[in-house]
Amino acid sequence: MYKDYPAAYQTTKGSALQVDQAFYARLRERKEARTLIEQFEIPIRTGRAWKVPAGHLFRVTTPHGPQVGDFNVWNAHDPRERMWAARTRQLQGAHVSTYDRLWSNLPFLRPLLTITDDSLADYGIDEHGGRLHDLLGTRCDPYVNKMLTGEDFHHHCHSNLTRAVLPHGLTEFDVHDVLNIFQCTGLNHDDLYFMKACPAKPGDYLEFFAEIDVLCALSTCPGGDLSLAMWGPEAQDPLSVCRPLGVEIYRVEDSLLEGWESPKRAAYQGQHGLTLPKPSWEQ
């Protein structure tokens with residue numbers, strides 16, 4: 001076992017990393033002050049995109065049992081701003097849960113979503129070092145699959161997300177590194193990535209608060225609950241362990257949002273040391 005070592009990015013009082021937990025706890029606990037405005041299921045091995053206005057809540061659920069979902073999110077008005085998995089991993093952790101945030105890429109750098117509730121928060125760390133809601137890995141894709149198996153398969157998460165966002169004017173190039181919701185992962189003693197069977201049960205959920213207007217997309221992973229190997233000597237088709245995922249979107253009463261405001265993009269002006277002094281003939 002390694003000795004513990006302090007994190008590089010520390011949360012200090014008054015810093016941008018400090019979260020108003022009382023505010024998000026109020027959103028979580030005041031169930032009577034929210035109204036369900038949309039609800040749908042995403043069938044197995046497909047994807048769907050949807051919009052959530054700033055100040056609303058939404059949940060990703062497992063209505064029929066364990067299933068992994070690969071999640072992307074963009075600014076609904078400017079898709080150049082999207083989730084930055086690597087920086088979120090540094091600022092929040094390689095696995096996320098309640099009060100963690102999903103941060104956007106440069107030059108925007110602000111929280112897109114804050115996690116307000118996680119029915120699996122008590123899972124913690126298992127005997128293999130596995131944890132839930134993974135930012136270590138990324139989406140499965142047909143390019144790696146072709147490289148490893150020599151076969152074409154068109155329903156990997158990358159492809160599902162690509163099809164999901166096409167109606168919103170986005171393309172494959174807009175699909176980015178994901179949050180693997182309900183996925184149990186870690187690094188083994190050889191520092192190699194592993195995936196374990198999803199422990200979710202019917203009715204589990206991960207709940208988010210939209211800090212800005214967002215476009216979300218979710219793929220129901222073709223690996224299902226990841227209890228069966230997809231590659232290697234024991235690989236088999238995991239169709240039998242694939243299940244739909246659910247999405248619920250809620251409007252909350254204005255009183256719950258008192259004191260909250262949508263975060264502004266990063267204050268840095270983007271000069272990057274490129275500003276040059278005026279030549280003498282222009283002064």
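1. A quick word on terms before we start: two strands count as paired here if DSSP finds at least two bridges between them. Please also keep in mind that this is a predicted model. With that in hand, β7 and β11 pair in the antiparallel sense, over five bridges. Within this part of the sheet, Asp-117 stands opposite Glu-207 of β11.

2. On its other pairing, β11 (residues 204–210) meets β3 (residues 57–62), again in the antiparallel sense, and here over six bridges. Two residue pairs are handy if you want to find your way around on screen. Thr-61 has Tyr-205 of β11 as its bridge partner, and Phe-58 stands opposite Phe-208 of β11.

3. Now for the whole sheet. It is open and has six strands, in the order β1-β13-β3-β11-β7-β6, with antiparallel pairing. The edges are held by β1 (34–42) and β6 (101–103); each has a single partner strand, so one side of each is left without a neighbour in the sheet. From one strand to the next, the twist averages 25°.

4. A helix belongs in this picture too. Helix α1 (residues 21–29) packs on the sheet and touches β1, β3, β6, β7 (111–118), β11 and β13 (245–252). The direction of α1 makes about 55° with that of β7.

5. Is β11 covered or open to solvent on its two faces? Both faces are covered. In a regular strand the side chains alternate between the two faces of the sheet. For β11, one side carries Asp-204, Leu-206, Phe-208 and Ala-210, while the other carries Tyr-205, Glu-207 and Phe-209, and all of them are buried. Counted along the strand, that is seven of seven residues buried; "buried" here means under 20% relative accessible area. Note that Glu-207, the residue opposite Asp-117, is among the buried ones.

6. Finally, have a look at the second largest pocket, which holds about 460 Å³ of space. Its lining is made up of 18 residues, and the closest to the pocket centre are Gln-183, Tyr-193, Met-195, Met-230 and Trp-231. Two elements give two or more residues to this lining, namely β9 (179–187) and β10 (193–196). The largest share, three residues, comes from β10.

7. What is the make-up of the lining of that second largest pocket, in nonpolar, polar and charged residues? The lining residues divide into 11 nonpolar, four polar and three charged.

Notes:
Residues numbered from 1 in each chain as written. Predicted model: local features only at pLDDT ≥ 70, side-chain atom pairs only at ≥ 80, totals over all residues. Heavy atoms only, no water. 1 Å grid on protein atoms, 1.4 Å probe; cavity = no way out; pocket = protein on both sides within 12 Å on 5 of 7 lines; lining within 4 Å. Points joined across faces, edges and corners; volume = space filled by probe spheres on them. Helix = DSSP H or I, 4+ residues; strand = E, 2+ residues; numbered from the N terminus. Nonpolar A, V, L, I, M, F, W, Y, C, P; charged D, E, K, R; others polar. Axes fitted to C-alpha atoms, helices over the stretch in contact; angles between N-to-C directions. Contact = heavy atoms within 4.5 Å. Buried < 20%, exposed > 50% of the residue type's maximum accessible area, 1.4 Å probe, protein only.
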